[in-house]
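The following exercises concern a predicted model.

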Amino acid sequence: MIATIQAWFQQLYETTGFNFTVFYDPYDWDRYVAGLRMTLLLGISTILASLVIGAVGALLQSGPSRVLRALVNGFVVVFRNTPPLVQIFFFYFGLGTLLPDIRTADGLRAPILNNVQWAIISLSLFAGAFNVEIFRSGIEAVPRTTVEAAEALGYTRFKAYRYVVLPLALRVCLPALNNNLINLLKTTTLAYAIAVPETLYAVKQIWSESQNVLEMMLVLLATYAVLVGVLVWIMHRWERALRIPGYGR
Amino acid sequence: MKAADPRGGRPGALPVLLPFALPENRAAARLRPAHLWLLAGLALVAVPAWAQGGAAALSPLEVVIKWAPLLLTGFAFNVAISLMAMAIGTVAGIGLGLAMLAEGRVLPRLAWCATQVFRNVPWLVLLFFVMFLVPFQITVFGIRVPLPDWVKATFGFSLPVMANVAEIVRGAVRSVPNTQWEAAESLAFTRRQTMWRIILPQCAKRMLPPWMNVYSLIAMATVQASIVGVTEMLTLTAQVHAAEGGRPELFAPLYGFALLCFFLYCYPIDRFTAALERRFETR
């Protein structure tokens, strides 16, 4: 099976000149798959972390503490209005060099956080800032009487948020959340700039060694089209599974 | 008696027993005087730390001030790229959006496919696409027109703008009530006249806030041009850092300065967009 695919692409190259090295050269294929795996790691971890940041931020933003509210507001405003690429550079170069180094087992100096971890941190904060706003709009859509009913039943503020407000708010803000998470998946390409070996990075390496820019560009476009498509499909399934009976059609 | 906060959760004070109070509407995230105090506090802590840079090497603050004119030129270039990309993308996007709404079968399908592709592919990938696959010069009627890389980058940024604007146009036209179309038809307007004289003028108001959001996004995305080798603010920042001896403690202030520039540019746009949205809100 694999051998026939490889042979077919090899033959395609010999007959038409379309050089899809990834599909017949095992070395390029391994690099491509490693890049894809890194993109998935970045995508999944940042999506989960940004959801947590969004939920916690929205809880704090509606909380009684004035200082915490101001802090969350400042965080949201700053991260929404500055370029994600500059944020990544600021975190990786700016803060990364200020943190103390650690010694590895063989006595070498290594930074505490490597580029992959910094990319995950800064991308999560970036998307998390948007998620705070999205969750906030969802929480505002939850009728106040519902919260009061929960309080009358003896829920504490946190428990009411966790079991009553958040599940309802999540369903209200799912469409906006979908958009933001898809945007986040697309923004993971920026990790390329600090040499995180994700798909774009791997594909760039392949095309600069094999001189097949056009073919690899097509592979790249197809890869992201499929990745975004899969995420859209998952989110739509989730949206349907979470649907509140009696709302919408 | 002081009206207690019904959410206060004070033991014994059941929410149902409290007097009715209108729910306070929490405003969206924005800067308040409290943030100024926070920033002032940060500055008080940070500035003395910077000033200890020593006599031989300039302190980070002095470095930023010394190179600010150059960096601001770079920032102006970013703004110029974003404005041009927005202009091109808007014109193309309106065309694409109208094509999606056109009658017929083939044209709307094609326009829809183009919109989906350019919306769903990462902007950086589109930028790479344009930078690598568009030649560095083109020949029109025997005249060689050179295409410097910043022109190609502008073109690369206008592609996602085009797709997003097309979606905005389509959404706005769809949101106009059908009765408007029917009324225009009964007044013997042709389809084109209806579109340009009745529907689109009504849409302009609805399209303005999302259009400004797209502008804010593209203004922030222009720094990605540095990845493909266009000399703009981030490239200059890296060069300034190298020129100052590549000291690691300079990274944070220099990139912080870039963050500040973009923040001061994008935050007013964001507030203005929110104000417009509130104003145009149809209830």
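**Exercise 1.** How many residues does the largest nonpolar core have, and which residues have the most contacts inside it?

*Solution.* The largest nonpolar core has 117 residues. Those with the most contacts inside it are Val86(A), Ile88(A) and Val203(A), together with Ile218(B), Tyr255(B) and Ala258(B). Helix α5 of chain B (residues 149-174) supplies the largest share of this core, 12 residues. As one example, Tyr255(B) is in contact with Val86(A), Phe89(A), Phe90(A), Phe93(A), Gly94(A) and Thr237(B), when its neighbours within four places in sequence are left aside.

**Exercise 2.** Describe the side of chain B that touches chain A.

*Solution.* Begin with the totals: 42 residues from chain B and 41 residues from chain A take part in the contact. Next, assign elements: α1 (33-51), α4 (123-133), α7 (191-221) and α9 (251-280) of chain B each supply at least two residues of this side. The largest share, 11 residues, comes from α9(B). Finally, sort by class: 32 residues are nonpolar, five polar and five charged.

**Exercise 3.** Determine how α4(B) is oriented to α5(B) and which residues meet.

*Solution.* The two axes come within 8 Å and cross at roughly 135°. Angles over 145 degrees would count as roughly antiparallel, and 65 to 115 as roughly perpendicular; α4(B) is therefore oblique to α5(B). The crossing is right-handed. From α4(B), Trp123(B), Leu126(B), Leu127(B), Val130(B) and Met131(B) meet residues of α5(B), including Asp149(B), Lys152(B) and Phe155(B). By class, this contact has nine nonpolar, one polar and two charged residues.

Methods. Residues numbered from 1 in each chain as written. Chains lettered and ligands numbered in written order. Predicted model: local features only at pLDDT ≥ 70, side-chain atom pairs only at ≥ 80, totals over all residues. Contact = placed C-beta atoms within 7 Å. Helix = DSSP H or I, 4+ residues; strand = E, 2+ residues; numbered from the N terminus. Nonpolar A, V, L, I, M, F, W, Y, C, P; charged D, E, K, R; others polar. Core = buried A, V, L, I, M, F, W, Y, C linked by C-beta atoms within 7 Å. Buried ≥ 20, exposed ≤ 12 C-beta atoms within 10 Å, placed from the backbone. Axes fitted to C-alpha atoms, helices over the stretch in contact; angles between N-to-C directions. Parallel < 35°, antiparallel > 145°, perpendicular 65-115°, else oblique. Left-handed = near helix turned anticlockwise from the far one by under 90°.
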